[in-house]
Amino acid sequence: MGSAIDIVERCGVPRFYFVDFPLGNPCGKPYDDAMQFDIVNAALRLFTSAEAPRTVEVDPHHWGSDAWRQRYMAIKPEDRERMLRLGEERRRERQHLREIGQVREG
C-alpha cells in the first residue's frame, strides 16, 4: 500500500492498494484514527481477495485540500542552482557506472 502508483505499476507488484495522499502518509491523515482504520482494513482485504497479478485498488478517501499537490516536487528559486549541480553530478556518476558495466540498461 502506498502513494507512488507510477513506480509500483512499473515494478509489477502482485497487488497494490493505492492511496492518493502525500508521500509518507499511506495510512491516512495523522491522528485520523477512523480513516487510518478504514484504509488499513481495505488494504488487508485486498491482500486476501486479489485474484490476478498486478491487482490495483484505489482508496476512496480524500486528503481534503489539494494544496499539497502544488508543493510536491516544487523547487524553490534559492535551491535551483544546488539541484542543477546535484543532477549533473548524478548524471556523471551514472555515466561512469555504465562505462564500467555497473548499471543495467533499460
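Arg85 is partly exposed, at a relative accessible area of 46%. Here buried means under 20% relative accessible area, exposed means over 50%, and partly exposed lies in between, with a 1.4 Å probe and protein chains only. The model is predicted: local features need pLDDT of at least 70, side-chain atom pairs count only at pLDDT 80 or more, and totals for chains, interfaces and linings use all residues. Residues are numbered from 1 along each chain as its sequence is written, and side-chain values use heavy atoms, with hydrogens and water left out.

**Salt bridges.** A salt bridge is a side-chain nitrogen of Lys or Arg within 4 Å of a carboxyl oxygen of Asp or Glu. The count by this rule is 3.

| Pair | N to O distance |
|---|---|
| Arg85 and Glu89 | 3.6 Å |
| Arg91 and Glu88 | 3.4 Å |
| Glu88 and Arg92 | 3.7 Å |

Arg85 and Glu89 both sit in helix H4, residues 80-99. Helices (H or I, at least four residues) and strands (E, at least two) are DSSP runs, numbered from the N terminus. The two residues are 4 apart, about one turn of the helix.

How are Glu88, Arg91 and Arg92 linked? They form a network of salt bridges. Arg91 and Glu88 are 3 residues apart in helix H4, about one turn. Glu88 and Arg92 are 4 residues apart in helix H4, so about one helical turn separates them. Glu88 takes part in both contacts, with Arg91 and with Arg92.

**Nonpolar patch.** Met1, Val40, Leu44 and Phe47 make a nonpolar surface patch of about 310 Å². Patches are made of residues with over 30% relative accessible area and no salt bridge; like charges are joined within 9 Å, and nonpolar side chains (Val, Leu, Ile, Met, Phe, Trp, Tyr) within 5 Å. Accessible areas come from the Shrake-Rupley method with a 1.4 Å probe, and for residues only the protein chains shown count as cover. Phe47 belongs to helix H2, residues 33-49. Phe47 is partly exposed, at 37% relative accessible area.

**Domains.** The chain splits into domain 1 (5-74) and domain 2 (75-106). These bounds come from an automatic or database domain assignment. The C-alpha centres of domain 1 and domain 2 are 30 Å apart.
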